[in-house]
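User: I should like to learn how to read the features of a protein model. Could we go through one step by step?

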Amino acid sequence: MSSFIATLIQLTGEITLMLWGIHMVHSGVLRAFGGELRLVLGRALHNRLAAFFAGLGVTTALQSSTATGLMATSFAADGMVALVPALAIMLGANVGTTLIVQLLSFDISLIYPMLIFLGYMAFNHGHSRVKDLGRVGIGLGLILLSLHLLVDSIAPLVETEGLRTILAALENQPLLYVVIAAGLTWAAHSSVATVLVIMSLAAAGAISPAAAIAMVVGANIGSAINPIVEGAGTDPVRLRLPVGNLINRLVGCAIVIPLIHPITDLVAMLDPEPDRITANFHTLFNLTLALLFLLPLPLFARALEWLFPSRPKPVDPWAPVHLDRAALGTPSVALANAAREAMRMADVVHDMLRGAQEALHSNERNKVQAVCRMDKIVDNLHYAIQQYLTEVSRELLGDPENRRLSDILAFSINLEHTGDIIDKNIMELAAKRIKRGLVLSPEGMAEIDDMFDRVQNDVRLATAVFLTGDLDAARQLFAEKEHFRELERAANDSHFQRVREGRKESIETSGLHLDLVRDIKRIESHIASAAYPVLEEHGMLLQSRLNGAGDPAISTPTATSAQSKS
């Protein structure tokens, strides 16, 4: 009994080692190529066949159909892609998970020491992407090592009388094998790991080839359950793709289980070794289902849309729209979601600027209050983005993702500061003007309007720079900041000239005018900071000036801060 328990503990450790190896491969590929893989999916959604091969390729690299499914679900739920190509991606993803199993089903045990060694050297001495690929090498080595250990540990376990009795009782109950494997896959969150364990059991003679095939069916069902459980209680639209994938798996189960013995004999004709039977069936099962579903996908998609209709959502301007928590484990998707929410913040800030300008022309207090309410929306969105990004899996972030995360945080912080300036400074001045019945001079109001118009245009420009990273747009945005200095100086000079001339309205509103000019200039500084990451990336942002003859001076945020303190 004690030896049986010791063997179970050993098996638990070896399976955990395999799961950790799969995790290392997944995280290493995400760090090295996460953005590129998401781009591949995004570009391949124009037809079913291209989407199928994109899903196959991305999943083969990530060794996780769940990660690919999250990307596809994000595209489909946000309306960026139709349900048909999204379903095709999942068909390809299911086939992709079988390719790594095919590779590992061959006897390549002598390779794992070299993979671990080379992976360690790359991880310890490499930089950026080489380091991430080293993580992939270590992960693959650990998977192979765990498989080698599993076969050795299972062999003596098979000889125990109790296990033989249990297996004999289950032999004619393939559905029980399906349920057991589905439960294990759901718990492990990895069909690859479950199928590899099934291969080890089959190779050691612990289960028959027919039982292994039943368990492979269960593993495929279990991998389709996780996305549904994670999406439970959310928008029904988000359930269309994972439920469609589960139906695909269940149809396969309904075909295989009644014919399990003829199918076993047929697959054994390719290769009679039990572990190869397991791997070959896993591939054939998913390929057959892909061929079966690929043509009627439009009809299948319409049925899913009927089962899960989109429901009208109450408009809540305070609530974030794009921060999908299911994507937190896939940084490239999570960062894209946060960036979209930051762009939504920029739209609200743009509306606040327009509303502030109108409030300065009006004597209606409700316009001031409306702008102040919008600042609460900006604050709420900023807090949501900040919290969301703190929960992104940092160990999956490569250098480009880390930079993008910092850029998103900086952009949202500057927008939040802009909202505060409008709310707590400009709207306070607008309320004071209304209360005291003050009227800016026509010339002064024209200067203020010109600055407001420019800063609203710069919000749009900053959003474009943040979204595209375009160098020309970044240079234009910085040039606007420089131009604003001249506007501020010219507006103040003109105002003091009117005061010297004894213009009554200019004298009465002198403090109001100067404060407005100062606050709009502060807003412009926050907006223009969106240009810094792009200029820095291109090596143009130096400590004190732009690198290049004839270009305007560009100070870094650090240098600017130091100068302001001095």
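This is a predicted model: local features need pLDDT of at least 70, side-chain atom pairs count only at pLDDT 80 or more; totals for chains, interfaces and linings use all residues.

User: How many helices and strands does the protein chain have?

Analyst: Helices (H or I, at least four residues) and strands (E, at least two) are DSSP runs, numbered from the N terminus. Here the protein chain has 23 helices and zero strands.

User: What share of the residues in the protein chain is buried?

Analyst: Buried means under 20% relative accessible area, exposed over 50%, and partly exposed in between, with a 1.4 Å probe and protein chains only. Of the 566 residues in the protein chain, 52% are buried. Contact means heavy atoms within 4.5 Å. Among contacts with a separation of 6 or more, 80% join residues 24 or more positions apart.

User: Is Leu304 buried or exposed?

Analyst: Leu304 belongs to helix 14 (residues 297-307). Leu304 counts as buried because its relative accessibility is 0%. Leaving aside residues up to four places away in sequence, Leu304 touches Leu83, Leu87, Arg240, Val243, Gly244 and Ile247. The C-alpha atoms of Leu304 and Leu239 are 8.9 Å apart, although 65 residues separate them along the chain.

User: Which residues does Thr194 touch?

Analyst: Thr194 lies in helix 9 (residues 191-203) and is buried, with a relative accessible area of 7%. Not counting residues up to four places away in sequence, Thr194 touches Ala181, Leu184, Thr185 and Ala219.

User: What span should helix 17 have?

Analyst: The expected span of a helix is 1.5 Å times one less than its number of residues. Helix 17 (residues 399-436) has 38 residues and so should span 56 Å; its end C-alpha atoms are 54 Å apart, which agrees.

User: Where is the kink in helix 17 centred?

Analyst: The bend at a residue is the angle between axes fitted to the seven residues ending there and the seven starting there. In helix 17 a kink of about 30 degrees is centred on Met427. Just after this helix, Gly437 takes a positive phi of about 70 degrees.

User: At what angle do helix 18 and helix 19 pack?

Analyst: Axes are lines fitted to C-alpha atoms, for helices over the stretch in contact, and angles run from 0 to 180 degrees between N-to-C directions. Helix 18 (residues 442-468) and helix 19 (residues 471-500) pack at about 170 degrees, with their axes 10 Å apart. Angles under 35 degrees count as roughly parallel, over 145 as roughly antiparallel, 65 to 115 as roughly perpendicular and the rest as oblique. Helix 18 and helix 19 are therefore roughly antiparallel. Their contact includes Met451 and Leu461 of helix 18 and Leu477 and Phe484 of helix 19.

User: What covers the buried residues of helix 19?

Analyst: The buried residues of helix 19 include Leu477, Phe484 and His495. Their cover includes helix 18, helix 20, helix 21 and helix 22. In helix 21 (residues 510-528), the buried residues include Leu512, Val517 and Ile523.

Note on methods: Residues are numbered from 1 along each chain as its sequence is written. Side-chain values use heavy atoms; hydrogens and water are left out.
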